[in-house]
Amino acid sequence: MTDIPAVNLKTRIGWIGTGVMGLSMCGHIMEKGYGTTVFSRTKQKTLPLVEKGGVWVDSPRQCAENSDVIFTMLGFPEDVREVYFGGGGILEALRPGVILVDMTTTEPSLSAQIYQAATKLGAFAVDAPVSGGDVGARNATLSIMTGGDREVVEAIRPILETMGRNIVHQGPAGAGQHTKMCNQIVIAGTMIGVCESLLYGFKAGLDLPTMLSSIQGGAAKCWSLDNLAPRILRRDFTPGFFVEHFIKDMGIALKESARMGLFLPGLALVQQLYLAVRSLGHGKAGTQALMLALEQMSNTQVR
């Protein structure tokens with residue numbers, strides 16, 4: 001077995017995917033002094049990193065050729081497959097000893113496939129999806145759920161700690177992704193609760209900020225209530241996490257649930273409501289845009 005390389009400031013980092021969260025996450029790594037190569041399908045999105053000293057390359061393969069640890073933070077499973085297994089992808093240039101870290105929320109089986117492909121080439125792979133949204137990405141307070149070999153996770157922990165505070169090894173390849181599905185199932189339930197609470201409070205004639213000041217300190221306290229309810233009241237539906245990505249995550253969780261013989265009616269209901277949000281044209285909005293579909297159903301606008 002190839003020795004796991006030590007991580008230090010001489011470790012060359014590759015970063016692929018600079019969206020709402022990936023840009024901030026990569027920025028934190030660079031701020032610690034790691035030399036970084038960056039790639040995104042839209043070069044314009046990487047310019048803030050290039051201006052800080054990041055080196056732009058034209059393909060995932062070139063990123064792999066110039067990196068010792070490669071992070072990917074993408075949108076959909078098909079993006080992950082293309083970046084790793086496609087033409088000009090990472091695996092075409094993967095060297096023994098390189099560590100792959102996929103932080104995309106994707107299918108557990110795909111994480112296992114990447115792990116197996118990396119192992120055959122004498123490299124390493126970790127699945128490390130995150131929770132905390134754009135706020136956690138900006139503030140480097142993400143929760144990071146890791147799957148793969150524990151020794152590899154510990155080797156890259158200094159890099160992970162530049163992005164998050166709660167870094168937990170969950171088990172073998174794919175276990176990080178399964179944990180993220182548990183996270184998304186909880187969020188699905190809390191999001192509908194937050195939105196319906198605001199609808200109810202508005203119709204009851206309550207001052208909504210005052211109402212929130214009470215329930216945020218009680219048993220209802222949660223991240224979505226603290227961070228997304230105020231955005232809804234401001235009619236701010238910009239994405240901290242895209243509706244279309246949340247639909248994707250719930251779809252993965254429902255598919256895995258069916259495979260395991262589980263019936264999750266709450267999750268299925270919330271996914272259907274989010275499909276309605278997307279059909280209204282809000283797929284690129286933040287998950288708090290669930291309120292827009294619920295408002296339409298009730299012929300009411302919270303304000």
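Q: Where does serine 59 lie?
A: Serine 59 is in the loop between β3 (55-56) and α3 (60-65); helices (H or I, at least four residues) and strands (E, at least two) are DSSP runs, numbered from the N terminus. This is a predicted model, where local features need pLDDT of at least 70 and side-chain atom pairs count only at pLDDT 80 or more, while totals for chains, interfaces and linings use all residues. Residues are numbered from 1 along each chain as its sequence is written, and side-chain values use heavy atoms, with hydrogens and water left out.

Q: Buried or exposed, that serine 59?
A: Serine 59 counts as buried, at 16% relative accessibility. Buried means under 20% relative accessible area, exposed over 50%, and partly exposed in between (1.4 Å probe, protein chains only).

Q: And which residues does serine 59 touch?
A: Phe39 and Gly88, not counting residues up to four places away in sequence; contact means heavy atoms within 4.5 Å.

Q: Switching topic, what's up with the phi of alanine 140?
A: Alanine 140 has a positive phi of about 60°, although it is not a glycine. Most residues other than glycine have a negative phi.

Q: Where is alanine 140 then?
A: Look in the loop between α6 (133-139) and β8 (142-147). Alanine 140 is buried, its relative accessible area being 16%.

Q: What about arginine 235, what is its phi near?
A: Near 60°, a positive value in a residue other than glycine. Arginine 235 sits in the loop between α11 (229-233) and α12 (243-259), and arginine 235 is partly exposed, with a relative accessible area of 28%.
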